[in-house]
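User: I want to learn how to read a model like this one. Can we go through it feature by feature?

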Amino acid sequence: TAKLLPAYYENRIEPSAFYFVPVHFQERCFGYAAASFKLIDCYTSIFQNWIRNLNNALEFVRIHSNLNKLYQQLLYASERDVLTGCYNRLSMQKIVSEQIEASANEKKRLFVMLADINKLKTINDCYGHMKGDLAIKTCAQALLASKICGEKVFRIGGDAFLVISSYCQDDDYPKRYKSASKAYLDSYNSSSGLPFKVSLSY
């Protein structure tokens, strides 16, 4: 009992009789419930029904939680580009509209930037599409890793990205964002060991 009910066991005043009941739904076990009654005959159909309802409730919570996780996964998949993890074209209209509205409501400036991968076709033709995909993912990561004001990054074409955000009156912000993404790619190129450079045109 000390291991099953450590806190209660240490603080009890009188000897007690406990009923230990498995909490489960069919073969799935959630744990156990422990109950103590002053009267021995209290273990009645009322307690048994309570345990049964508890089992059903926990199974309902488990199913609901799994369905919610599945919904979130499907929602993520519907909004994201599989290769890069950036938002895709399907989600662009909704999110861009939200960004424009938020910028207007908060009286902030709107930052919109297009970025293209340099020489992606050459990389694909000379080194294969796996290396081309690597270049795409690297450029996407450069844009995602350079976030300053919660930028939303979209892959809108094979080698094209769109970045949008709202920002305060900071004239250096667009320059700082581009500099951060360029610095990311410079660092990558210096250590990648690849026979080509990965870069973006803004």
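User: Start with confidence. Which element of the protein chain has the lowest mean pLDDT, and which the highest?

Analyst: Remember that this is a predicted model. Where pLDDT is low, the predicted coordinates should not be read in detail. Here helix 1 (residues 6-11) has the lowest mean among the elements, at 61. Strand 6 (residues 200-201) has the highest, at 98.

User: What is the mean pLDDT of the protein chain?

Analyst: The mean is 88. Of the residues, 90% reach 70 or more.

User: Now the strands. How many bridges pair strand 3 with strand 5, and in which sense?

Analyst: Look for the bridges, then the direction. Strand 3 (residues 109-117) and strand 5 (residues 160-167) are joined by eight bridges, in the antiparallel sense.

User: Which residue of strand 6 is the bridge partner of Ile117?

Analyst: That partner is Leu200. Strand 3 and strand 6 run antiparallel, with two bridges between them.

User: And what do strand 4 and strand 5 form?

Analyst: They form a hairpin, with four residues between the two strands. Strand 4 (residues 152-155) pairs with strand 5 over four bridges, again antiparallel. Within that pairing, Arg155 stands opposite Phe161.

User: Next, packing. Which residues have the most contacts inside the largest nonpolar core?

Analyst: The general idea comes before the case. In soluble globular proteins, nonpolar side chains tend to be buried together. In this model the largest such core has 23 residues, and Leu143, Phe161, Tyr177 and Leu200 have the most contacts inside it. Strand 3, helix 4, helix 5 (129-145), strand 5 and helix 6 (173-192) each supply at least two of its residues. Helix 5 gives the most, with six. Apart from this core lies another, of eight residues, including Val96, Phe154, Ile156 and Leu162.

User: What is Leu200 in contact with, leaving aside its neighbours within four places in sequence?

Analyst: Take the list by residue. Leu200 is in contact with Ala115, Asp116, Ile117, Asn118, Cys139, Leu143, Phe161 and Leu185.

User: Which residues does Asn124 contact, beyond its neighbours within four places in sequence?

Analyst: Asn124 is in contact with His129 and Gly132.

Terms used:
Residues numbered from 1 in each chain as written. Predicted model: local features only at pLDDT ≥ 70, side-chain atom pairs only at ≥ 80, totals over all residues. Heavy atoms only, no water. pLDDT = per-residue confidence, 0-100. Pairing = 2+ DSSP bridges. Contact = heavy atoms within 4.5 Å. Core = buried A, V, L, I, M, F, W, Y, C linked by side-chain atoms within 4.5 Å. Buried < 20%, exposed > 50% of the residue type's maximum accessible area, 1.4 Å probe, protein only.
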